[in-house]
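Open the model in your viewer and keep the selection panel at hand. The tour below moves from one selection to the next.

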Amino acid sequence: MLSFLLSFLLFFAPPSPSRMVAPAGSVEPCKIFGSIYLENDPRRANSCFAVVYVEPEQAFADVVVFNEANKLFADKAGLWCPSESREFADYTLFVTTDRSRADFAIHYTKVRSYAGCKQ
């Protein structure tokens with residue numbers, strides 16, 4: 001009986017930001033920064049925070065991303081530190097090859113000052 005009660009209470013615990021799945025259309029790409037894990041496995045797409053598309057052209061991307069080597073410097077929109085593990089990432093994003101299924105598009109840049117949000 002006690003285990004059932006504890007399991008029921010865990011249902012009401014607030015999820016961490018990387019575990020939350022955002023409702024469709026409510027993802028704000030300008031607020032995503034820090035350590036990011038990019039998921040490529042379609043079986044785990046439902047547990048990701050958002051779906052992104054890697055845009056080859058900078059003009060059509062919603063966010064221009066610069067990969068930071070240190071997580072402490074990834075403190076603004078477009079500054080991402082790639083994470084090796086999804087457990088230690090602030091956000092887990094699923095990378096799709098279909099632009100129409102993505103919540104937003106990103107483009108990687110090699111210049112830190114170009115990174116940011118276009119909205």
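Select strand 3, residues 63-67. Four of its five residues are buried, so strand 3 is largely enclosed by the rest of the structure. Buried here means under 20% relative accessible area, exposed means over 50%, and partly exposed lies in between (1.4 Å probe, protein chains only). Helices (H or I, at least four residues) and strands (E, at least two) are DSSP runs, numbered from the N terminus.

This is a predicted model: local features need pLDDT of at least 70, side-chain atom pairs count only at pLDDT 80 or more, and totals for chains, interfaces and linings use all residues. Residues are numbered from 1 along each chain as its sequence is written, and side-chain values use heavy atoms, with hydrogens and water left out.

Two strands count as paired if DSSP finds at least two bridges between them. Look for Val65, which stands opposite Tyr108 in strand 6.

Asn67 has Trp80 of strand 4 as its bridge partner.

**The disulfide**

Stay on Cys117 and select Cys30 as well. Their sulfur atoms lie 1.7 Å apart and form a disulfide. The cut-off for a disulfide is a pair of cysteine sulfur atoms within 2.5 Å. The structure holds one disulfide. The pair links distant parts of the chain, 87 residues apart: Cys30 sits in the loop between helix 1 (2-10) and strand 1, and Cys117 in strand 7. The torsion about the S-S bond is about -50°, so the disulfide is left-handed.

How accessible is Cys30, and how accessible is Cys117? Cys30 is partly exposed at 26% relative accessible area. Cys117 is partly exposed too, at 25%. Two other cysteines to click on are Cys48 and Cys81. Cys48 is buried at 3%, and Cys81 is buried at 9%.

**The nonpolar cores**

Which residues touch the most other members of the largest nonpolar core? Select Ile32, Phe49, Trp80, Leu93 and Phe104; the core has 14 residues. A nonpolar core is a set of buried Ala, Val, Leu, Ile, Met, Phe, Trp, Tyr and Cys residues joined through side-chain atoms within 4.5 Å. Strand 2, strand 3, strand 5 and strand 6 each supply at least two residues of this core. Strand 5 gives the most, with three.

Centre on Phe104. Leaving out residues up to four places away in sequence, its contacts include Val27, Pro29, Ile32, Trp80, Leu93 and Arg99. Contact means heavy atoms within 4.5 Å.

A second, separate core has seven residues. Among them are Ala45, Cys48, Val51 and Ala102.

**Thr96 and its surroundings**

Move to Thr96 in strand 5. Thr96 is buried, with a relative accessible area of 9%. Beyond its neighbours within four places in sequence, Thr96 is in contact with Val51, Val52, Tyr53, Arg101 and Ala102. A polar atom of the Thr96 side chain lies 3.2 Å from the backbone nitrogen of Asp98.

**Salt bridges**

A salt bridge is a side-chain nitrogen of Lys or Arg within 4 Å of a carboxyl oxygen of Asp or Glu. By this rule the count comes to seven. Visit three of them.

- Select Asp98 and Arg101. Their side chains meet in a salt bridge at 3.2 Å, N to O. Arg101 is exposed at 63%, whereas Asp98 is partly exposed at 29%.
- Select Arg99 and Glu55. Their closest N and O atoms are 3.7 Å apart. The pair is 44 residues apart in the chain, with Arg99 in the loop between strand 5 and strand 6, and Glu55 in the loop between strand 2 and strand 3. Arg99 is partly exposed at 34%, while Glu55 is buried at 12%.
- Select Glu39 and Arg86. The closest N and O atoms of this salt bridge are 2.5 Å apart. Glu39 lies in strand 1 and Arg86 in the loop between strand 4 and strand 5, 47 residues apart. Glu39 is buried, and so is Arg86.

Conventions
Polar contact = N/O pair within 3.5 Å; in protein donor to acceptor, adjacent residues only side chain to side chain.
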